[in-house]
Each structure stands twice: as C-alpha cells, then as structure tokens.
Amino acid sequence: MATSKPRVKVPKTASAGETVVIKTLISHEMESGQRKDKDGNVIPRKIINRFTCEFNGQPVFSCDIDPAISANPYFEFSAKVPESGTFKFTWVDDDGSTYTDEQKIEVK
Amino acid sequence: MKRIVLAALAAVAAMSGSAFTAAADPVDDKLVIDDKEMIIRAPAPEGHPFEEVMSGWLFREAETRATEADSFANPGMLAVEQGEEIWNTVEGSAGKSCASCHNDAAESMKSAGASFPKWDPDSKKPINVELQIDKCRVKNMGAEPYKFDAPEQVALTTYIKHQSLGQPVKLDLASGEMQSWFDKGKDNYYNRTGQLNFSCSSCHEASMGKYIRADHLSQGQANGFPTYRFNTGGMVSLHNRFRGCIRDTRAEMPKAFSDELMALEVYVTWRGTGLSVETPAVRQ
C-alpha cells in the first residue's frame with residue numbers, strides 16, 4: 001500500500017472519568033531492513049518507529065516500535081476521559097513523515 | 001536392541017499423533033461480524049464428500065479468530081477501503097469509474113461475492129470476480145486489465161466480495177457449461193501431483209482437522225477470499241493460494257486464471273456451498 005492511512009476508533013461520548021477503549025490501525029508495510037531483494041541487495045528498513053496519543057495536549061499513551069512489529073500495526077489501549085476534548089494520534093515513519101488523526105469525544 | 005528402541009519410538013509417535021489429532025478438531029464457536037452472524041457450518045450439498053461444510057475460521061487460533069470477528073481490527077478491511085476508492089476512481093479512455101455504471105456497490109454488488117464464478121457466454125468459460133473486473137475495464141472503461149495480483153486487483157475484488165458478507169455461497173451450475181467445468185475441477189481436485197504426490201483431497205479431505213507441520217488443515221474453503229494472512233502481512237487472492245498449495249506439493253504451478261485453475265475455482269467454491277462469504281477473512 002502506497003500511502004499509510006490511519007484508522008481510529010474512539011467512542012463519540014463518555015461520562016466524566018469513564019475509561020474508554022481506543023483502537024488504532026495504520027496501513028504500513030513495516031519493512032524490517034532484514035530482507036533482501038531478488039538481486040541480493042538489502043531492502044532498506046522503513047517502519048513506523050513511534051506512536052503517540054495525546055488528549056488535549058496531555059500524553060495518554062506512547063511507544064517506540066521496532067522492526068519485529070508486523071505490517072499494519074494495531075494498538076488497543078484504554079484512557080480515562082475527565083472532560084470533553086480531542087484525542088490526537090501520531091505515527092512517525094522512518095522516512096520522517098508523520099501521519100496524524102484526531103477524534104473528538106464529548107463528556108455528558 | 002535397536003529394534004526395540006525403534007518400536008518404542010514408534011509407539012510414542014503414535015501416541016503423540018493421536019493427541020495431536022484430538023487437539024486439532026475445529027472449535028465450537030460462533031462468528032459474529034458487525035452484529036451479523038456468519039454461517040460457518042452448513043449441511044453439505046448433495047454429492048459432497050463431507051456431511052457438513054466448515055469455514056476455515058473454525059480451524060484457526062483464538063487470536064486469529066478474534067481479529068476476523070472485529071471488523072475494526074481486521075487488517076483486511078484496509079483493502080476494502082482501498083477497493084472502495086478504486087470503485088469510485090475514473091480510469092480509462094471512456095472516462096468512467098466502476099460507480100459510473102454500478103452506482104452504489106452495497107446495492108449492485110450485494111450478491112456478487114456469493115455467486116461467482118458464473119458462466120460467461122462471451123468467452124464460453126466460467127468467469128470470476130477478478131476477470132469480470134478486467135472485462136469491464138477493457139470493454140466499458142477503455143482501461144488496461146490488471147496484472148495478476150496487482151494490489152488494485154486484490155483490493156477491488158476484496159471490496160466487491162465484501163458487499164456479500166454473510167450471504168451463503170451458491171453457484172449456478174446449470175447455466176452454460178458450468179457443469180462440465182465443475183467436473184474438470186473435480187478431476188483436478190482429486191488428481192495427485194508433484195513430487196510429494198498430493199492431491200487437494202490428500203490434505204483438505206483425507207487429513208482435514210489434522211496438522212501438517214504447524215498448519216491446522218481446514219477443508220480448504222474459498223468463501224473468505226481474498227484473505228488477510230498474517231504470514232505475509234497482506235491480502236492473498238484465491239489463485240495465489242491455489243498456486244501456493246500446488247507449489248507446496250512440489251508440482252509445476254498452473255498460471256493464475258488458467259483453465260485448470262478456473263475449473264478448480266468452480267469446484268472448490270461449490271464445496272463451500274451454504275457457507276457465508278467472509279471476505280476479507282483472516283488466517284495465519
């Protein structure tokens with residue numbers, strides 16, 4: 001897949017202080033840098049090396065990613081929602097590009 | 001002395017063999033995708049070697065089964081999304097997209113995934129979704145046909161078949177010469193081939209439910225294709241899987257969409273009659 005496209009699933013609403021489950025998936029080949037092409041040349045490493053999630057600017061979840069993670073990395077985690085706001089998701093590619101997505105959640 | 005040791009080894013092997021068989025039975029579970037229950041066990045059609053046809057989902061690990069059951073976590077849904085984009089993209093000299101003629105795939109392609117391959121009176125051969133896409137591209141869009149397993153071909157096929165998610169597979173073998181292709185496919189299915197001298201039936205019929213290396217042998221159903229496979233981290237088309245299986249028997253691989261494999265597609269799809277379309281299924 002040529003361009004990486006994130007998919008994120010966050011509930012639209014929550015009650016104050018509720019813990020919600022967040023699911024994220026991004027399309028990415030996660031080329032490990034260990035493989036060789038037909039001519040025996042090493043295929044350069046190209047992976048997503050970092051994933052972060054913030055809520056209203058506050059860090060919620062982050063991790064470094066290494067080459068053993070398979071294609072199309074999927075992360076599922078939970079977060080406590082104190083107030084209405086926006087979750088911001090960022091994936092950092094080896095080539096320097098970043099892929100982002102934002103999801104609003106309303107506290108009722 | 002040596003003979004006794006060998007006999008003891010054989011006994012151990014026999015015991016572990018039977019233990020494996022017991023552990024290898026398909027699970028008893030329900031597959032619900034987006035609140036829709038899939039038919040993963042169905043009474044076999046007349047003339048079928050099994051009494052019950054079973055989805056390959058029943059033979060996979062718990063984690064793999066859970067990934068398919070969650071349409072968000074299923075990485076095959078990325079191909080569905082990509083396919084939807086292609087469906088709406090204008091290509092070729094006629095300035096058309098798939099949607100220009102077929103509008104909303106959710107309506108127009110609702111039963112396509114459950115009823116292909118069909119008889120194609122123009123080529124006087126069975127036609128599958130991949131070849132129907134190519135036919136449309138050449139005849140109606142003025143575009144190039146896809147190369148076998150081009151990412152676009154796999155994504156668009158996945159998207160089209162996904163519109164039939166949950167629908168039971170049913171082929172029309174009465175149209176045209178489908179029956180004779182079915183017969184040819186059946187011959188191919190039971191024909192032993194390759195250095196290992198295996199037929200499709202050696203694994204998927206005679207040894208169904210057992211292990212071959214670390215692989216739990218299913219009935220080899222076609223209802224979930226194209227399928228997301230963890231071992232390649234990508235989508236696998238049916239003819240790619242056919243060729244992979246044939247390669248593993250150390251036989252010469254027929255070309256994708258060759259008469260041999262089209263006949264096999266007709267027959268193998270029929271063997272899954274009554275199972276829900278699961279595209280994109282998730283396998284290991």
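UniProt positions are given here in the numbering used for this structure, feature names are shortened, and annotations may be inferred rather than shown by experiment. With that in mind, an unreviewed UniProt entry places the feature "binding site" at R241(B). The structure is a predicted model, in which local features need pLDDT of at least 70 and side-chain atom pairs count only at pLDDT 80 or more, while totals for chains, interfaces and linings use all residues. Residues are numbered from 1 along each chain as its sequence is written, and chains are lettered from A and ligands numbered from 1 in the order in which they are written.

Chain B holds twelve helices and eleven strands, where helices (H or I, at least four residues) and strands (E, at least two) are DSSP runs numbered from the N terminus. Its radius of gyration is 20 Å, close to the 19 Å that the globule rule gives for 284 residues, so chain B is as compact as a globular protein of that length; the radius is taken over C-alpha atoms, and the rule is 2.2 Å times the number of residues to the power 0.38. Of the 284 residues in chain B, 37% are buried, a residue being buried if 20 or more other C-beta atoms, placed from the backbone, lie within 10 Å of its own, exposed if 12 or fewer do, and partly exposed in between.

The site named by the record, R241(B), lies in helix α11 (residues 238–248) of chain B. R241(B) counts as partly exposed because it has 18 C-beta neighbours inside 10 Å. Leaving aside neighbours within four places in sequence, R241(B) is in contact with F225(B) and V236(B), contact meaning that the C-beta atoms of two residues, placed from the backbone, lie within 7 Å.

Helix α8 (residues 151–162) of chain B is mostly covered, with ten of its twelve residues buried, among them Q153(B), L156(B) and H162(B). These buried residues of α8(B) pack against α3 (76–87), α5 (105–108), α6 (112–115), α7 (129–141) and β10 (234–236) of chain B.

In α9(B), by comparison, the buried residues are W181(B), G185(B), K186(B) and N188(B). They cover an arc of only 160° around the axis, which puts them on the same side of α9(B), the arc being that of the directions from the helix axis to the C-beta atoms. Among the elements that cover the buried residues of α9(B) are β6 (125–127) and α12 (259–270) of chain B.
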